[in-house]
Amino acid sequence: MKQYLDLEDINDLDGLIQKAIALKSNPFNHQDLGRNKTIGLLFFNSSLRTRLSTQKAAQNLGMNVMTLDLKTDSWQLEFEDGSIMDANTAEHIKEAAAVISQYVDIMALRAFPTLTDKAQDQKETILKSFQKYASVPVVNMESATAHPLQALTDAITIVEHSTIKRPKVVLTWAPHPRALPHAVPNSFAKAMQMMDVDFCITHPKGYQLNPEITRNTRIIYDQDEALMNADFVYAKNWSSYADYGKVLCNDQSWMITSKKLNNAKFMHCLPVRRNVIVSDQVLDSDQSLVIQQANNRTYAAQAVLKELLESM
Ligand code: SN0
């Protein structure tokens with residue numbers, strides 16, 4: 001593996017899931033692989049799980065870790081080619097990415113979407129600029145349109161907790177007071193399309209994800225119908241894609257309750273708004289996998305970093 005920008009960078013998803021599960025049993029087996037190698041974790045946005053689990057994954061492989069909060073601790077970066085930099089941006093991505101590449105062996109980046117400029121978000125300007133001007137592998141820790149480390153985690157969690165060969169997996173939209181990105185549902189949908197699962201998506205009208213991502217996946221507008229006989233229910237809010245970045249619906253009847261969940265397992269990437277996205281009763285029950293899911297973030301990241309280190 002030469003980079004991990006999106007799920008397309010995975011050759012064999014089933015194989016990578018098994019490698020991650022093996023790392024979970026023996027996390028310190030490859031300490032020599034990362035010796036004298038450094039990962040740089042670069043954040044434009046907040047993080048809890050991604051920052052700590054990626055650091056832990058790197059440390060498990062014997063790597064050194066450096067973290068930089070680009071939004072508060074560094075210079076404001078310019079991404080436009082040919083720009084006359086006489087306003088707020090102090091450093092061009094050309095210099096920044098080249099310089100950081102001399103300090104690290106792998107660069108990991110978090111850069112959320114604007115949710116106002118659809119064209120810029122769809123182009124993945126920030127992630128792609130880092131990739132273009134960096135001379136080391138780049139890992140996506142959630143970009144404008146994708147969160148592939150989360151999706152790999154979700155795939156691992158479903159494989160670990162499946163009791164049948166082809167489980168039914170439902171991705172359901174849930175309400176939220178703020179406008180949230182499409183990265184998590186996009187990547188989850190892509191991962192499910194790569195697996196042998198019975199997958200469907202349910203959301204209110206107006207909340208269609210990018211059709212290039214949902215492709216042939218069944219969309220069911222009636223949430224009760226979609227949830228029927230589900231084995232895994234993955235809840236997530238996202239803002240409208242068509243009416244870009246807008247909150248069109250706040251219908252609390254879309255919140256996941258124990259009654260709606262029935263016998264299914266509950267999944268969410270976290271952070272989750274209690275009693276908005278999902279009821280306390282669900283989150284506090286044995287049917288919730290959110291804590292186990294967050295634990296798997298370490299082994300998903302470790303499996304990816306191991307592939308990158310082995311390709312150097
Ligand atoms: C992010 C998102 O993409 O939806 C990160 C998820 C891993 N979530 C949020 O921004 C939630 C913030 C909130 O106010 O609840």
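Modeller: Two strands count as paired if DSSP finds at least two bridges between them. Please also bear in mind that this is a predicted model.

Colleague: Understood. How many bridges link strand 5 and strand 6?

Modeller: Strand 5 pairs with strand 6 (residues 138–140) over 3 bridges, in the parallel sense. Within that pairing, Met107 has Val138 in strand 6 as its bridge partner.

Colleague: And in what sense do strand 1 and strand 5 pair?

Modeller: That pairing is parallel as well, with 5 bridges between strand 1 and strand 5. Phe43 stands opposite Arg110 in strand 5.

Colleague: Is strand 5 largely enclosed or open?

Modeller: Strand 5 (residues 106–110) has 5 of its 5 residues buried, so it is largely enclosed by the rest of the structure. The cut-off for buried is under 20% relative accessible area.

Colleague: Which residues sit on each side of strand 5?

Modeller: Ile106, Ala108 and Arg110 lie on one side, with Met107 and Leu109 on the other, and all of these are buried, so that both faces are covered. In a regular strand, side chains alternate between the two faces of the sheet.

Colleague: How many bridges join strand 10 to strand 11?

Modeller: There are 3 bridges between strand 10 (residues 232–236) and strand 11, and the two run parallel. Val233 stands opposite Phe266 in strand 11.

Colleague: Now the backbone. What is phi of Asn36?

Modeller: Phi of Asn36 is near 65°, which is a positive value in a residue other than glycine. Asn36 belongs to the loop between helix 1 (13–25) and strand 1 (38–43). Its relative accessibility is 67%, so Asn36 counts as exposed, the cut-off for exposed being over 50%.

Colleague: What about phi of Asn229?

Modeller: Asn229 is another non-glycine residue with a positive phi, near 60°. It is placed in the loop between helix 9 (223–227) and strand 10. Asn229 is exposed, with 66% relative accessible area.

Colleague: Is the peptide bond from Leu270 to Pro271 cis or trans?

Modeller: The bond from Leu270 to Pro271 is cis, with omega near 0°. Pro271 lies in the loop between strand 11 and helix 11 (280–283).

Colleague: Finally, the overall picture. How many helices and strands does the protein have?

Modeller: The protein contains 12 helices and 11 strands. The C-alpha trace spans about 55 × 50 × 35 Å along its principal axes. A compact globule of 312 residues would have a radius of gyration near 20 Å, and the 19 Å of the protein agrees with this.

Colleague: What percentage of the residues is buried?

Modeller: Buried residues account for 54% of the 312. The protein exposes about 14,100 Å², of which carbon and sulfur atoms supply 47%. Among contacts between residues at least 6 apart in sequence, 76% join residues at least 24 apart.

Note on methods:
Residues are numbered from 1 along each chain as its sequence is written. This is a predicted model: local features need pLDDT of at least 70, side-chain atom pairs count only at pLDDT 80 or more; totals for chains, interfaces and linings use all residues. Side-chain values use heavy atoms; hydrogens and water are left out. Helices (H or I, at least four residues) and strands (E, at least two) are DSSP runs, numbered from the N terminus. The radius of gyration is taken over C-alpha atoms; the globule rule is 2.2 Å times the number of residues to the power 0.38. Buried means under 20% relative accessible area, exposed over 50%, partly exposed in between (1.4 Å probe, protein chains only). Contact means heavy atoms within 4.5 Å. Accessible areas come from the Shrake-Rupley method with a 1.4 Å probe; for residues, only the protein chains shown count as cover.
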